[in-house]
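Please keep the model open beside the text as you read.

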Amino acid sequence: MERPKVVAEIGQGKGSVDYIAEALTAARDAGCWAGKIQLLQPETIAQAHAAVYWDERRPGIEDQRASFATVGCLDYEATAEILDVAADVGIELVATPADLEAVDVMARSGMRWCKIASGDITNRPLAEAAGKAFPEGVILSTGAATVSAVALAVIADQLLALVE
């Protein structure tokens with residue numbers, strides 16, 4: 001039986017390639033198969049003025065976009081550099097794209113794996129773009145999704161396969 005693949009969650013890496021490099025090294029040393037980063041832009045990650053839903057409330061932070069902006073988001077153009085770092089470290093790199101631009105950047109950089117966040121599993125344009133772009137596969141997260149959202153994602157995929 002094949003060993004499970006353990007993925008270390010690095011998140012946005014505080015917007016720092018150096019931080020992500022250290023995290024990838026620590027993940028490899030801990031026996032992880034991959035490290036996973038998130039590619040998002042605060043101005044497009046949520047509806048304008050959407051309530052904070054992903055992390056704890058902090059004074060002066062009134063919406064989710066403002067919350068993401070405080071944690072340091074990675075510049076999309078650093079993706080290729082981080083992929084090179086992962087190769088040098090000897091660990092796979094996986095990323096969660098929050099938009100179609102991130103999918104494109106990931107594919108152009110040569111990334112082989114993609115993880116769709118549970119909140120995006122019914123985002124057909126994102127899931128379809130990822131499915132076409134990543135040769136090794138797409139991981140669909142279900143952690144924060146409802147049972148009906150998971151069922152909808154599975155049914156939509158089955159219907160798409162019938163049409164093709």
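Helix 4 (residues 79–89) and helix 5 (residues 100–109) pack at an angle of about 45 degrees, and their axes are 9 Å apart. Axes here are lines fitted to C-alpha atoms, for helices over the stretch in contact, and angles run from 0 to 180 degrees between N-to-C directions. Helices (H or I, at least four residues) and strands (E, at least two) are DSSP runs, numbered from the N terminus. Helix 4 and helix 5 are therefore oblique to each other; angles under 35 degrees count as roughly parallel, over 145 as roughly antiparallel, 65 to 115 as roughly perpendicular and the rest as oblique. Their crossing is right-handed, a term for the near helix being turned clockwise from the far one by less than a right angle, with anticlockwise giving left-handed.

On the helix 4 side, Thr79, Ala80 and Leu83 make the contact, and on the helix 5 side Val105, Met106 and Ser109 do. Contact means heavy atoms within 4.5 Å. Sorted by class, this contact has 4 nonpolar, 2 polar and no charged residues. In that scheme, Ala, Val, Leu, Ile, Met, Phe, Trp, Tyr, Cys and Pro are nonpolar, Asp, Glu, Lys and Arg are charged, and the others, Gly among them, are polar.

A word on what you are looking at: this is a predicted model, in which local features need pLDDT of at least 70, side-chain atom pairs count only at pLDDT 80 or more, and totals for chains, interfaces and linings use all residues. Residues are numbered from 1 along each chain as its sequence is written, and side-chain values use heavy atoms, with hydrogens and water left out.

Val17, Ile20, Ala21, Leu24, Thr25 and Arg28 of helix 1 meet Glu81, Ile82, Val85, Ala86 and Val89 of helix 4. This contact comprises 8 nonpolar, 1 polar and 2 charged residues.

| Helix pair | Angle between axes | Distance between axes |
|---|---|---|
| Helix 4 and helix 5 | about 45 degrees | 9 Å |

Two residues are worth a visit. Threonine 79 lies in helix 4 and, at 1% relative accessibility, counts as buried (buried is under 20% relative accessible area, exposed over 50%, partly exposed in between, with a 1.4 Å probe and protein chains only). Leaving aside residues up to four places away in sequence, threonine 79 touches Leu39, Val105, Met106, Ser109 and Met111. Alanine 102, in helix 5, is buried with a relative accessible area of 0%.

Stepping back, the protein has 7 helices and 5 strands, which run β-α-β-α-α-α-β-α-β-α-β-α from the N terminus. Of its 164 residues, 41% are buried.

Finally, confidence: pLDDT, the predictor's confidence in each residue from 0 to 100, averages 85 over the protein, and 89% of the residues score at least 70. Confidence is highest in helix 1 (residues 17–29), at a mean of 98, and lowest in helix 7 (residues 147–163), at 64. Over residues 159–164 the pLDDT is below 50. Where pLDDT is low, the predicted coordinates should not be read in detail.
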